[in-house]
Protein chains: 2
Amino acid sequence: MGEHTVSSFDQELDEIDRLIVQMGTLAQRMVGDSTKALLSADERLAARVISEDATLDAFQRDLDARVITLIGKRQPMAQDLRAAVGALRMAADLERIGDLAKNVAKRVNAVGRTPVSETLSNSIEAMSRVVQDAVSDVLDHYTAHNAEALQALRVDDEKIDIRYTAIFRELLTYMMEDPRVITTCTHLLFCAKNLERIGDHVTNIAENAYYVTTGLQLPAKRPKRDETMPAASVS
Amino acid sequence: MGEHTVSSFDQELDEIDRLIVQMGTLAQRMVGDSTKALLSADERLAARVISEDATLDAFQRDLDARVITLIGKRQPMAQDLRAAVGALRMAADLERIGDLAKNVAKRVNAVGRTPVSETLSNSIEAMSRVVQDAVSDVLDHYTAHNAEALQALRVDDEKIDIRYTAIFRELLTYMMEDPRVITTCTHLLFCAKNLERIGDHVTNIAENAYYVTTGLQLPAKRPKRDETMPAASVS
């Protein structure tokens, strides 16, 4: 393979990486805005997040088409093929993050202005901020080819899981105390679960980015702490 | 490209398709078994589902490695490349179905023998059966290259969504009537949501299989009926 070909391939891959970063930036903003819309009953902001999901989907289709064309045209081997397939996977995870943010936004109307305690509101906001940071960190570490930092992101996901568990318990308590808030709390429960799942997608992205960067797989099973299930013994 | 090469490619792709069918069969059984375990508080069956998820993950890693090797070695164009990339995506969705079944299985212990009404139990079982049928149908239609039937699967997903909405409302009612069942009902809510999400993954698989079969995309946005959100006005 001539040097010219290699360099064109790299150029096209750089383009694709730029698309991934754009997707990530949009996905991160959607997470932030959907949380803000949820906690301030801002239906206009929620509507914007919902419409942005279509933009994110279009980004993914564009990226997919480019990657598939690139593989077909350049017929990359080993490391390059890994990078191309990795890009497809990362884009799929970013698209799912957008879906989950959209799902939070769609619940804004259902939750409305039902008063939730300030503690709960703060917990959800803080969890969302950790999740948003994880989204931006994974993209930074990917573009910096920082394998060590990518691996360390698993620890952040554990912190997200712990926050989710706390919110889960808090919501159960509210529901038991006042049946009138059950519907609202159920929607908030799904919102918190969505944030937790966004953390899982960040972990997937980190694993893929690690593989693209190093050629090595992180061990398939990361320690997964889901404390909400034993928590059932509470009732 | 010589005929020999083409035919080797097809043979390897057939191998990969067989792996997809194996994954699908396992995923479908996991959905059935996890539901059964949930509704009969069968912790041994739940444990089996949880351990089977590792098998499904291993299948996916095997499939991924084969597809990537195949692309690198055979350097397929157009239709063949589409089939190879489509296989990667379908495997990813099947792996997610296994994850969701495992998540149901992990809730078996938390739900335990808390009596749920026979109506509710029947609703969940019926929903699970529709979901299992969708998983097996999408694989049948894929291996039969039946584009029309693949497209029709979207209608099945709508039926699944309607069942989910009914179960969601039923669970809210129980929680409002008796705060002692709130924790259990919350876990059942997540189980029902998991089944609904499995339906979404079947739709993804159908869309990918349609693309592989016809080279055409089904329109990106399918009508998505989620009635649980307006339902919030109930409270």
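Guide: Across the interface of chain A and chain B, the rule finds two salt bridges. This is a predicted model: local features need pLDDT of at least 70, side-chain atom pairs count only at pLDDT 80 or more, while totals for chains, interfaces and linings use all residues. Residues are numbered from 1 along each chain as its sequence is written, chains are lettered from A in the order in which they are written, and side-chain values use heavy atoms, without hydrogens and water.

Visitor: What makes A:Arg89 and B:Asp64 a salt bridge?

Guide: A salt bridge needs a side-chain nitrogen of Lys or Arg within 4 Å of a carboxyl oxygen of Asp or Glu. The closest N and O atoms of A:Arg89 and B:Asp64 are 2.5 Å apart, so the pair qualifies.

Visitor: Which helix of chain A gives the most to the side that touches chain B?

Guide: Helix 7 does, with nine residues. Helices here are DSSP runs (H or I, at least four residues), numbered from the N terminus.

Visitor: Why is A:Cys185 called buried?

Guide: Buried means under 20% relative accessible area (1.4 Å probe, protein chains only), with exposed over 50% and partly exposed in between. A:Cys185 has 4%, so it is buried. A:Cys191, at 3%, is buried too.

Notes. Helix = DSSP H or I, 4+ residues; strand = E, 2+ residues; numbered from the N terminus.
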